[in-house]
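The following exercises are to be worked with the sequence and the three-dimensional structure in view. Each task is followed by a solution in steps.

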Amino acid sequence: MGLTCENEKAGRVTATSVWIGIDAGKSSHHAAAIDAAGKKLWSVKVGNGQRQIEELVERATATAAKTGARVRWAVDLVSPPAALLLATLLTSGQNVVYVPGRMVNGMAGIFRGEGKTDAKDARIIADTARMRGDLTELSATDELVVELTRLTSYRADVMADWVRGVNRLRDLLTSIFPALEAGFDFSTRSALILVSGYCTPEEIRQAGHEGLAAFLHEEGAWRKGIDGMATTALAAADQQTVALPGEATTAILVKKLARQLLGLDREIKDTDKLIAQRFRTHPQAHIIESLPGMGPLLGAQFVVATGGDVRAAFTHAGRLASYAGLAPVPRDSGRITGNNRRPKRFNRPLRQVFYMAALSSIRADGLSRAFYQRKRGENKIHTQALLALARRLVDVLWALLRDNRVFSPVPPQQVTALAA
């Protein structure tokens, strides 16, 4: 679901609102209705089906109609189990706000004591939404955002499997052939191809330089590096003549895991191509990609985190920076003023997008690198300088999207002056 991040919208509540809190689940949801004073009106369990949810909307509307109240909904999930619930509510024109799970847990000790039930949680969600005016209002998500959400989530899962697999392979290889494990970077395809065929000292010695080179060439390893890889592998084999316990079985596992990782590597590349293809159908994809450090993958993650339309969701760059956790929040007390701290509530994926964009943009000469070096010259550590650059990129990207123009190292005023 999309997020409307002008939080003051969520605070415009009439005195006669009826709040419906929903503790969402995979197979069913529990809904609790309260009035503006916090009095419980009803509590009911509904199945996770379209008809059941529509009946819930009808019941809520009928309840509100008795007193002329306005129905407002609050949910604690925006993940796949709540997809049908949110789609049904939003397509029927309902007003829905999001109550984060961390906030619900914090309020639980106040409202429910030690006991926990779905009915109590639904009541807590409704009460929290009734008292908070700064909650994020949800909006309907377009098809492209949904597609990019699924694709980026899938890629994150595959990448987690990849990292876990590489670490496991290193561990297994170290247990039988530590010199070979230390000699190669097993996050590369060529190194995985090598150990998918040869991973013990004896196997490598028997194959020899020509045998290893022929195998690597046949399996599609990087051609320019084949000769060096064969030499490195033989040098590692010459360092170990002892067969360690469990070598034969471990070698089978290493080869099997290496082949799995090669398949995952291909899956990641194919997914990246699909993400880039779908992302570039976004009407402002060329603008987003023009920002230094922002490629199609980070661009897709940006679209997912912001709901697809930045100008509609954020009235100015400061709101976008605040949502990304790149704007400090005050922590004043008594006579102490001007004391700012890092925010605790922000969109972590969006913060990661701008942080990674900042990290990528300083690898080449340009405005970003100059800005980063200037911050380092102000005695800021690496992370502080990167976060400052990330904050600057927020301002730049928001302005580009507002003006519907691509990034240029020459400011628009100078371009106009030169043209004149």
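**Exercise 1.** In this predicted model, determine which residues aspartate 23 touches, leaving out those up to four places away in sequence. Then decide whether aspartate 23 is buried or exposed.

*Solution.* 
Step 1. Locate the residue: aspartate 23 belongs to strand β2, which covers residues 17–23.
Step 2. List its contacts. Beyond residues up to four places away in sequence, aspartate 23 touches His29, His30, Asp76, Asp118, Asp121, Ala122 and Ile125.
Step 3. Apply the cut-off. A residue counts as buried under 20% relative accessible area. The relative accessible area of aspartate 23 is 11%, and therefore aspartate 23 is buried.

**Exercise 2.** Describe the chain as a whole: how many helices and strands does it have, and what percentage of its residues count as buried?

*Solution.* 
Step 1. Count the elements: there are 18 helices and nine strands in the chain.
Step 2. Consider burial. The chain has 420 residues, and 43% of them count as buried.
Step 3. The accessible surface of the chain is about 21600 Å², and carbon and sulfur atoms account for 53% of it.
Step 4. Examine the contacts between residues at least 6 apart in sequence: 64% of these join residues at least 24 apart.

**Exercise 3.** Identify the residues that line the largest cavity, and sort the lining by class.

*Solution.* 
Step 1. The structure has one cavity of 30 Å³ or more, and the largest cavity holds about 30 Å³ of space.
Step 2. Its lining consists of His282, Gln284, Ile288, Phe302, Val303, Thr306, Gly308, Val310 and Leu401. Helix α12 (residues 296–306) gives the largest share, three residues.
Step 3. Sorted by class, the lining comprises five nonpolar residues, four polar residues and no charged residues.

**Exercise 4.** Characterise the second largest pocket: what is its volume, and which helix supplies the largest share of its lining?

*Solution.* 
Step 1. The volume of the second largest pocket is about 390 Å³.
Step 2. Its lining has 20 residues, and those nearest the centre are Leu367, Arg392, Val396, Phe407 and Ser408.
Step 3. Both α16 (367–377) and α17 (382–403) supply at least two lining residues. The largest share, six residues, comes from α17.
Step 4. By class, 15 of the lining residues are nonpolar, two are polar and three are charged.

**Exercise 5.** Determine which members of the largest nonpolar core touch the most other members, and trace the contacts of leucine 320.

*Solution.* 
Step 1. The largest nonpolar core contains 45 residues, of which Ile288, Met294, Phe302, Leu320, Leu350, Phe354 and Leu397 touch the most other members.
Step 2. The greatest contribution to this core is made by α17, with 11 residues.
Step 3. Setting aside neighbours within four places in sequence, leucine 320 contacts Thr306, Val310, Phe314, Leu350, Phe354, Val394 and Trp398.
Step 4. Apart from this core lies another, of 37 residues, including Met229, Ala230, Ala233 and Ala258.

Technical notes:
Residues numbered from 1 in each chain as written. Predicted model: local features only at pLDDT ≥ 70, side-chain atom pairs only at ≥ 80, totals over all residues. Heavy atoms only, no water. Helix = DSSP H or I, 4+ residues; strand = E, 2+ residues; numbered from the N terminus. Buried < 20%, exposed > 50% of the residue type's maximum accessible area, 1.4 Å probe, protein only. Contact = heavy atoms within 4.5 Å. Areas by Shrake-Rupley, 256 points an atom, 1.4 Å probe, with all protein chains shown as cover. 1 Å grid on protein atoms, 1.4 Å probe; cavity = no way out; pocket = protein on both sides within 12 Å on 5 of 7 lines; lining within 4 Å. Points joined across faces, edges and corners; volume = space filled by probe spheres on them. Nonpolar A, V, L, I, M, F, W, Y, C, P; charged D, E, K, R; others polar. Core = buried A, V, L, I, M, F, W, Y, C linked by side-chain atoms within 4.5 Å.
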